Amino acid sequence: MARLTTLPAVCAAIPPLAAVAFCGAVFGAALFGYTPTFWQGGALTLAEAAALRDQAEVARLIEAGADPNIEYALRPDVLAVSRATPLEAAVLARRPEIVQLLMHEGAAVDERGWHRLHCIAADIGEDDVIEAIDAYRPSTVAVASCTR
Amino acid sequence: MKEATPVNVYLPIVGLVLLAMHLSRGRGGVWSDVAAVLTFVAACLTLESGVLVWVALMAGRLAGRRGVSDRALVSVTIVMVVYLVGRLTLLPLDTQNASGYLTERLEPEQIRERFGAGLSRFTIYTVFASISSVLFSEPRDGTFVILRAWQHGDIPPRMWINIVSATLTTVLIAVTAWRWLREGSADADGDRTAIRGDFLIFGALLAASAVSSFAYAKDVIMSTAGACYAIVAFWAVRDHLIRTRRVGPAMVTAVVLLVASSLWAVRVVGVHHVLRTQAFAFHNDWAGMRNYLPDDPAAHRLVSTLRADALSRPVVNPWFMPRWADRVFDIDY
């Protein structure tokens, strides 16, 4: 029978055993209802989901009855503002695909609201966000001008 | 644009190829032959990559394994020819996908524009890139993400972890393969014959998987070769461990194994992070599926039900995850 060289075998075995022990501890803790902090999630408001590129959560919340046209609170680290509508959050977070999704899911903008969003997008200077907002320009608005 | 395949159809192929390898190693008999044919049929009805079952069976036979009889191999070959003729004539070929090229990601139109249709520099690149993705964990889906990160001035630790762990393992495998080639079959005992068989099957699956991804490079196409890579890595480490050696080489082997093993352990621990990141991406894909619902009423109902089911399942937004996890654990999919 071949002779096992002990040192290389121990060196090869320790890291995977440590990994298995770590994963086992995490799963074991989960079985008893404890979730480590690095594994915890949390509920998002519609504006937070819009800012955090969470298309599925945006769709789920709206389909569950959330209003896409009102202001929601935002956690401090999400955006520089503490409250915003989902559309404002999507524009501030430079998410044109979320703007389209919100419009598709029932968000609406009047002349004043559209002008405000257009100017936020222009201020940010992201072309595809400006395009996404401009695609929903109310017919009553002829030219948009933003003054600082 | 990403190809929308939210259902994992590659994992069954990996399982079926491993089953074929097991059958070819067995004692043989009628039931093994029947099982081999059924395994091939099940694999081909799952995905085109099911042809890899035939590759595994034939490579096993070439390696001297007789678990599956020659009669069964002929049967599987006939079924494969019928399948390939049917597949190539009745259904369209999927050769229109985005793929990586060096540090870029190219859309199908860009690929046609730059390299033309048919055999080109691009197809040769994707074949070798696919082989390299198994042996060195780079490129990823055809893109050298480590070079791109270097161009941007920041290579996250996960890229070093991937490339160093895979390269060390590949070196161990290469050294073992070279030793066996040099030693020939004169001293081959039962174990070594079995090990050589696994190496041959791995080589065949690696080459066949790489050739089958000629049109576009996608890591998941190489997953069967990846599973066999783990098997030959096991044999290589075992070979290094059981060989009698002097203190110096034993120390070098110990350090190499410690580093490789530690880095692979980090990759294993990071699997939960990969799964969470992927879950978030696919969750969003399902949300976007609303714009691509099929016209056929039955298909429309099915996709709508699957979409509603996917959206109802809670998925953690990556914003809640610690920032260091994205740098240490793999996310380049």
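Domain bounds in what follows come from an automatic or database domain assignment, and for chain A that assignment gives domain 1 (6–39) and domain 2 (46–134). The structure is a predicted model, in which local features need pLDDT of at least 70 and side-chain atom pairs count only at pLDDT 80 or more, whereas totals for chains, interfaces and linings use all residues. Residues are numbered from 1 along each chain as its sequence is written, and chains are lettered from A and ligands numbered from 1 in the order in which they are written. The C-alpha centres of the two domains, domain 1 of chain A and domain 2 of chain A, lie 41 Å apart.

Chain A meets chain B through a contact to which chain A gives 27 residues and chain B gives 29 residues, two residues being in contact if their C-beta atoms, placed from the backbone, lie within 7 Å. On the side of chain A that touches chain B, α1 (6–31) and α3 (55–63) of chain A each supply at least two residues; helices (H or I, at least four residues) and strands (E, at least two) are DSSP runs, numbered from the N terminus. The largest share of that side, 11 residues, comes from α1(A). By class, the side of chain A that touches chain B divides into 18 nonpolar, 5 polar and 4 charged residues, where Ala, Val, Leu, Ile, Met, Phe, Trp, Tyr, Cys and Pro count as nonpolar, Asp, Glu, Lys and Arg as charged, and the others, Gly among them, as polar.

One pairing of helices across the two chains can be followed residue by residue. The axes of α3(A) and helix α12 (residues 271–288) of chain B come within 7 Å and cross at roughly 50°, the axes being lines fitted to C-alpha atoms, for helices over the stretch in contact, with angles that run from 0 to 180 degrees between N-to-C directions. Angles under 35 degrees count as roughly parallel, over 145 as roughly antiparallel, 65 to 115 as roughly perpendicular and the rest as oblique, and α3(A) and α12(B) are therefore oblique to each other. In this pairing A:Gln55, A:Ala56 and A:Ala59 of α3(A) meet B:His283, B:Asn284, B:Trp286, B:Ala287 and B:Gly288 of α12(B), and the residues of the contact divide into 4 nonpolar, 4 polar and no charged.

Chain B itself is divided into domain 1 (1–93), domain 2 (95–245) and domain 3 (273–328). The C-alpha centres of domain 1 of chain B and domain 2 of chain B lie 21 Å apart, and their contact takes 19 residues from domain 1 of chain B and 19 residues from domain 2 of chain B. On the side of domain 1 of chain B that touches domain 2 of chain B, the elements that give two or more residues are α1 (10–25) and α3 (52–62) of chain B, and that side has 14 nonpolar, 3 polar and 2 charged residues.

Helix α8 (residues 157–183) of chain B has 27 residues that, at 1.5 Å a residue, should span 39 Å, and its end C-alpha atoms are 39 Å apart, which agrees; the expected span is 1.5 Å times one less than the number of residues. Among the buried residues of α8(B) are B:Met159, B:Ile161, B:Leu172 and B:Ile173, a residue being buried if 20 or more other C-beta atoms lie within 10 Å of its own, exposed if 12 or fewer, and partly exposed in between. What covers the buried residues of α8(B) includes α6 (121–136), α7 (145–151), α10 (223–242), α11 (247–269) and α14 (323–328) of chain B. In helix α11 of chain B lies B:Pro249, which counts as partly exposed with 14 C-beta neighbours inside 10 Å.

The loop between α6 and α7 of chain B holds B:Ser137, B:Pro139 and B:Asp141. Most residues other than glycine have a negative phi, and most peptide bonds are trans. The peptide bond from B:Glu138 to B:Pro139, however, is cis, with omega near -5°. B:Ser137 has a positive phi of about 60° although it is not a glycine, and B:Asp141, also not a glycine, has a positive phi of about 50°. B:Ser137 counts as buried with 25 C-beta neighbours inside 10 Å, and B:Asp141 is buried with 23 other C-beta atoms within 10 Å.
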